[in-house]
Amino acid sequence: MGLSKDECRELARQIREISVAVGDFRFEHWGELTAAQRQDLERDEASLLTKSGEMITRAVGLTLEDMDKDLKLVTNAIEKARKALKTIQDVKNVIAISAGVIGLGGAIFAAVATQNPALIGPTAASLTALVKDLTAKSK
Amino acid sequence: MMRCVLLCAVVAASGCVNLQSVSRFAKVSAATADSDAAVADYVGSLERQRRMLREDQRAELEAQLAERRQQQTRLLAAQHVLAEYLNVLGELAADGVPVIDPELDSLRASLSTAKFVGDSDAQLGTATADAAVAIAGLLARVITDFSRQADIKKLLLAVDKPFAAVIAGLREVFDKDLRAQLENERAATAKRFKAWEAAAKTAKDEDGAAPVARLLLEERQLEIDAREARINAYIGALDTIGQGHAELVKNASKLDADDLKKKLQGLTENVKKSFNSIKKLVTE
């Protein structure tokens with residue numbers, strides 16, 4: 001079984017403390033140690049700090065894994081909310097289309113009354129253009 | 001008479017709810033949550049620690065740095081999702097009930113063009129047509145506003161738990177892991193300067209290199225303190241954003257309540273303070 005994130009953090013802390021303690025020993029006994037001994041101790045300190053960092057990296061990795069599912073849920077909700085925002089915009093579009101349909105009704109009425117079907121064409125064309133325009137905008 | 005009563009009822013109902021305080025809180029929070037500067041230290045601090053190592057020790061940190069760069073991208077993405085959510089919430093809560101006057105004008109013109117309005121018995125009177133257009137407009141606004149409030153409530157309730165979990169996850173990384181990394185950087189920095197100081201003392205250079213080493217170490221530690229202050233400010237912002245969101249969820253059915261507005265104003269000010277602290281600490 002792998003380490004939990006809290007175990008990783010605790011290990012990171014303990015390993016760092018050991019590194020600092022080794023360093024303190026090196027500084028306090030600087031004059032008594034040979035250059036080679038000082039170098040060995042320094043290498044150990046650096047290596048311990050690297051190990052401590054690895055534990056931190058592992059803890060962050062586990063936390064990120066835990067967050068993945070929740071992040072997906074928030075992302076899904078954002079998509080739904082964006083659709084809701086679009087619906088508000090659609091209200092405007094519905095009114096504009098209604099006005100166009102009323103205009104078309106009037107044109108048909110006038111065409112029948114005057115026996116001139118050509119009156120329908122321009123109104124129908126402008127309604128088609130409006131619907132096309134709104135459809136393109138809503139994409 | 002009936003027409004007048006209906007019109008009055010619609011006008012009364014159309015008093016659109018003012019959610020400005022919700023929108024403001026969400027937008028200020030979005031800008032603050034999306035701070036790259038605080039996350040940058042996750043890799044930045046390890047890179048500085050690497051520079052404190054001897055050349056032959058540096059390779060040891062490469063794999064860790066590569067892994068952290070990938071994790072940093074995921075942390076930034078998590079922050080970005082929070083910010084995007086808060087932005088959408090802010091947009092929904094904004095006074096964004098659409099202005100539909102041009103559409104109503106065109107509706108009125110269409111009614112006239114189609115000869116539905118006029119003086120004959122088969123046509124609507126001008127006053128009736130105007131009232132009908134006005135009622136259509138008010139109804140559209142009311143429906144949009146009600147739908148907007150319902151959408152906000154639905155959104156808040158759906159996101160409540162995952163939002164709190166993401167805030168808690170980010171907080172955990174900043175409070176525990178980033179702080180621990182700064183402690184490692186502190187130790188790595190001290191190691192280098194204290195060795196210089198110890199060597200100087202052993203060589204009886206008490207007044208030269210030893211105090212300079214101490215001073216330089218202090219300067220480095222102050223820089224780390226400033227980065228830790230930035231983390232604290234970001235954690236403070238996350239806490240306030242989480243607190244504000246919990247208030248919104250608790251009051252999801254009454255988002256225009258005076259008590260909530262007051263609380264949100266205070267919380268927004270606190271988020272702004274954290275935002276300014278982060279910005280100040282980045283530019284310093």
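This is a predicted model: local features need pLDDT of at least 70, side-chain atom pairs count only at pLDDT 80 or more; totals for chains, interfaces and linings use all residues.
Residues are numbered from 1 along each chain as its sequence is written, chains are lettered from A and ligands numbered from 1 in the order in which they are written, and side-chain values use heavy atoms, with hydrogens and water left out.

**View 1. The interface of chain B and chain A.** Contact, meaning heavy atoms within 4.5 Å, links 63 residues of chain B with 53 residues of chain A. The two chains bury about 5,000 Å² between them, 68% of it on carbon and sulfur atoms; buried area is the accessible area (1.4 Å probe) that two parts lose on being put together, summed over both. Of the area that chain B buries against chain A, 11% comes from B:Arg74, B:Asn184 and B:Lys191, more than from any other three residues.

**View 2. A:Arg9 and its partners in chain B.** A salt bridge is a side-chain nitrogen of Lys or Arg within 4 Å of a carboxyl oxygen of Asp or Glu, and the interface of chain B and chain A has 10 of them. A:Arg9 forms one with B:Glu172, where the closest N and O atoms are 2.8 Å apart. This pair runs from helix H1 (residues 5–28) of chain A to helix H7 of chain B, helices being DSSP runs (H or I, at least four residues) numbered from the N terminus. Both A:Arg9 and B:Glu172 are buried, that is, under 20% relative accessible area, whereas exposed is over 50% and partly exposed in between (1.4 Å probe, protein chains only). The side chain of A:Arg9 also meets that of B:Asp177 in a salt bridge (2.7 Å, N to O).

View 3. The side chains of B:Asp239 and B:Arg171 meet at 2.6 Å, N to O. B:Glu228 counts as buried at 15% relative accessibility, and B:Arg179 as partly exposed at 22%. Salt bridges that share partners join these residues into one network, whose members include B:Arg171, B:Arg179, B:Glu228 and B:Asp239.

Definitions and conventions: Helices (H or I, at least four residues) and strands (E, at least two) are DSSP runs, numbered from the N terminus.
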